[in-house]
Amino acid sequence: MTARDEPRSGEAPWWRDAVIYQIYVRSFADSGTRGVDGVGDLPGITSRLPYLRDLGVDAVWITPFYTSPQHDHGYDVADYRDIDPLFGTLADADTLVATAHDLDLRVIVDLVPNHTSDEHAWFRAALAAGPGSPERARYLFRDGRGPADAPGSEPPNNWQSVFGGPARTRVADGQWYLHLFYTTQPDRDWRNPEVGDMFADVLRFWLDRDVDGFRVDVAHGLYKEASLRDQVLDEDPATSEPKESMVARTLRDEPMWDQPEVHDVYRRWHEVLASYPGERMNVAEAWTQTPASMAKFVRPDEMSQAFNFSWLLADWSAQAFADVVTGTCEALADVGASPTWVLSNHDVIRHTTRYGGGPAGLARARAATLTMLALPGSSYLYQGEELGLEQVDVAPEDRQDPSWLRHRGATGEVGRDGCRVPIPWSGTSAPYGFGPGEGQPWIPQPADWASLTAQAQTGDDGSTLEFYRRALAARRGLPATTAESVRVDVDGDLLTITRAGLRVLLNCGESALPLPPGDVVVASGPVDGELPGWTAVWLTGQ
Ligand code: BGC
Ligand code: MG
């Protein structure tokens, strides 16, 4: 057993209050060892781990690096037990994990159990074997509906894909398969026991390679209501697209999300994780309907954590933030789970831009981050937020997200490429040290990023990077706190959170407010006798 494997006696498991940094593998760092391709890779990540240790995070979550045709940039897995040649080899993965552990960083890998790629061996076998075969029963093939003169010519139900358009595609023999996401991402049938057995083996494969945990993609989607009944749709007749956004649809009660049987899967996985030494964990990506249904995923015998998207979805206001904090803590207290917090990830608009962009957006983003970092539980950061990056307005011809390709803007959604632009590390022009060579990486970087590189910000006290370093260092010095002991107060634009060892003040308004007495531990912007607008501060004393 290594030190990392020994339970921290009397202490909570590491993940309960960890800061976890999300790496979007294609866009973090390109080593060039896989060819000068402008795409990030595993050796690139390994080479940048010391930066993350110095930043002050506890763990990394790495988005899917498995063999994949990359139609959804890795969330379409063709082989769960190998690395895509674009990103490296299994030996590179082992080196990454070992290097991270040497630096005292944990490693969480991304699991995609809801669907495979259409290039997965099981899906190819399902197509070859034909209707009624056991191979087909691992996916959700059905005969279609349709008028008497054209039976089967219409999809078996009206389900819409999260990426737009119908969630059904017809194959040559006339059957239709379900894909809640892209056409190349067929959904598995989790009611088939073979699927669960295969996945327990996949977990063991990666646990044997010493990973510390799993981020579970679409954790609320694995089971579909057995009837596969139609969903309630509200389409715009002009475009035949649903009027509601992807998030709104996902949060509504629908036959493909948040079915009760899904919890049996997580009970089984709990046992698998518990059978390994060390404190292995998993975190659910579950866009569930209410805080109470989120809490079900983190009951004591299920998953370790669930992403809590409620702050990310909240408006910029002291009251909205207060409601999120108290609502989350109350829902999780019932099951004894610790909260998680997140403001940005690879699927949403970066929070600098959500909060208005420009200097005001950045000030608000830093203030929200500092407030989040004082909350009980763990925080998830997304690569580049520590540089204050904004959402990039990627030109239509450069967009690659399947959610954009599927409808090419029919719904006004431009896709997620704008938060996936490769990271600027150094230098004054693209690729800003992201990789070797002179050219643009897989998504072009803006011409005005020279002052945002990690190198340019290092040593500049006013920079966002140095602010993150200060905040994460200060967080390490905080005494432990629990969700139950946190107090939340709202006074107009001022949100005050009181926790063990600290008061956090967040001014959501534009005008300065008086700063109460106390010692400033860290602030999100300049603080001089008062608390300026869109600024947060950690205070001790008094
Ligand atoms: C991931 C997305 C992905 C989708 C399908 C998600 O929720 O975060 O990036 O496109 O699952 O796998
Ligand atoms: Mg590369």
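A residue counts as buried when its relative accessible area is under 20%. The model described here is predicted.

**Magnesium site**
- The magnesium ion (ligand 2) has four named protein donors: Asp30 (OD), Asp37 (OD), Val39 (O) and Asp41 (OD).
- These donors lie 2.2 to 2.6 Å from the ion.
- Along the sequence, the donor residues follow the spacing D-x6-D-x1-V-x1-D.
- Val39 is buried, because its relative accessibility of 6% is under 20%.
- Asp41 is buried too, because its relative accessibility is 0%.

**Backbone features**
- The peptide bond between Ala430 and Pro431 is cis. Its omega is about 10°.
- Pro431 sits in a loop. That loop runs between helix H12 (402-407) and helix H13 (454-457).
- His73 is not a glycine, yet its phi is positive, at about 55°.
- The loop that holds His73 lies between strand E3 (66-67) and strand E4 (79-83).
- Asp210 is another non-glycine residue with a positive phi, here about 80°.
- Asp210 belongs to the loop between helix H4 (193-208) and strand E9 (213-216).
- How does the accessibility of Asp210 class it: buried, partly exposed or exposed? Asp210 is partly exposed, because its relative accessible area is 28%, and that class covers values between 20% and 50%.

**Cysteines**
- How many disulfides does the model have? The count is 0.
- A disulfide needs the two sulfur atoms within 2.5 Å.
- Seen from Cys508, the closest cysteine sulfur is in Cys329, again at 17 Å and too far for a bond.
- Cys329 counts as buried, because its relative accessibility is 9%.
- Cys508 is also buried, because its relative accessibility is 7%.

**Helix packing**
- Helix H4 packs with helix H6 (residues 262-274). Their axes are 10 Å apart, and the angle is about 30°.
- H4 is therefore roughly parallel to H6, because angles under 35 degrees fall in that class.
- H4 and H6 make a right-handed crossing.

**Domains**
- The chain is divided into domain 1, residues 115-187, and domain 2, residues 484-540.
- How far apart are the C-alpha centres of domain 1 and domain 2? Those centres lie 54 Å apart.

**An exposed loop residue**
- Asp461 is found in the loop between H13 and helix H14 (464-476).
- Is Asp461 buried or exposed? Asp461 is exposed, because its relative accessible area of 58% is over 50%.
- In sequence, Asp461 and Asn507 are 46 residues apart. In space, they are 22 Å apart, C-alpha to C-alpha.

Terms used. Residues are numbered from 1 along each chain as its sequence is written. Chains are lettered from A and ligands numbered from 1 in the order in which they are written. This is a predicted model: local features need pLDDT of at least 70, side-chain atom pairs count only at pLDDT 80 or more; totals for chains, interfaces and linings use all residues. Side-chain values use heavy atoms; hydrogens and water are left out. Helices (H or I, at least four residues) and strands (E, at least two) are DSSP runs, numbered from the N terminus. Buried means under 20% relative accessible area, exposed over 50%, partly exposed in between (1.4 Å probe, protein chains only). Domain bounds come from an automatic or database domain assignment. Donors are N, O and S atoms within 2.8 Å of the metal (3.2 Å for Na, K and Ca); water is not among the atoms, so sites may look incomplete. Axes are lines fitted to C-alpha atoms, for helices over the stretch in contact, and angles run from 0 to 180 degrees between N-to-C directions. Angles under 35 degrees count as roughly parallel, over 145 as roughly antiparallel, 65 to 115 as roughly perpendicular and the rest as oblique. A crossing is left-handed if the near helix is turned anticlockwise from the far one by less than a right angle, and right-handed if clockwise.
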